[in-house]
Amino acid sequence: MLFKAFISIISNSLVSDHASMAKLLQAVAFLCSYDLLLCFPDLKGFSSSNLKYCKRFYLFTKLQLVNRSLTNCNHPFPFS
């Protein structure tokens, strides 16, 4: 809904500095949160800050799984 429209606007514009990118990502998190609240009105936990924490948790666990799989690898080059 709103999120898809906002992404199309972002793809047509260029972000030049770090401060603009931070504001842009904050707006994306807010719109994503709002869109999820509209789609699932009976559920809770879709605040923009909670979505940021969910993303951090996902990235952390993804990194941990990759590190664990690399350390448990018996052969240094599994495709050779």
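Is F40 buried, exposed or partly exposed? F40 counts as partly exposed, because its relative accessibility is 41% (buried means under 20% relative accessible area, exposed over 50%, and partly exposed in between, with a 1.4 Å probe and protein chains only).

Before going further, a word on the model. This is a predicted model, in which local features need pLDDT of at least 70 and side-chain atom pairs count only at pLDDT 80 or more, while totals for chains, interfaces and linings use all residues. Residues are numbered from 1 along each chain as its sequence is written, and side-chain values use heavy atoms, with hydrogens and water left out.

**Confidence and layout**

The mean pLDDT of the protein chain is 75, with 62% of its residues at 70 or more; pLDDT is the predictor's confidence in each residue, from 0 to 100. The protein chain has three helices and zero strands, and its elements run α-α-α from the N terminus on. Here helices (H or I, at least four residues) and strands (E, at least two) are DSSP runs, numbered from the N terminus. Where pLDDT is low, the predicted coordinates should not be read in detail.

**Surface and burial**

Of the 80 residues in the protein chain, 11% count as buried. The chain exposes about 7,000 Å², and carbon and sulfur atoms supply 67% of that area (accessible areas come from the Shrake-Rupley method with a 1.4 Å probe; for residues, only the protein chains shown count as cover).

Here are some residues of helix α2 with their relative accessibility:

| Residue | Relative accessibility | Class |
|---|---|---|
| S33 | 6% | buried |
| V28 | 16% | buried |
| A27 | 28% | partly exposed |
| L38 | 44% | partly exposed |

L38 also belongs to a nonpolar surface patch with F30 and Y34, and together they have about 310 Å² of accessible area. Such patches are made of residues with over 30% relative accessible area and no salt bridge; like charges are joined within 9 Å, and nonpolar side chains (Val, Leu, Ile, Met, Phe, Trp, Tyr) within 5 Å. A salt bridge is a side-chain nitrogen of Lys or Arg within 4 Å of a carboxyl oxygen of Asp or Glu.

What does S33 touch, leaving aside its neighbours within four places in sequence? S33 is in contact with F46, S47, S48 and L51, where contact means heavy atoms within 4.5 Å. For A27 and S48, the C-alpha to C-alpha distance is 9.1 Å at a sequence separation of 21 residues. Across the protein chain, 32% of contacts between residues at least 6 apart in sequence join residues at least 24 apart.

**The aromatic pair**

The structure holds one aromatic pair. F40 and F46 form this tilted pair, 6.1 Å centre to centre and with 35° between the planes. Rings of Phe, Tyr and Trp (its six-membered ring) pair if their centres lie within 6.5 Å; planes under 30 degrees apart count as stacked, over 60 as edge-to-face and the rest as tilted. F46 counts as buried because its relative accessible area is 16%, whereas F40 is partly exposed at 41%.
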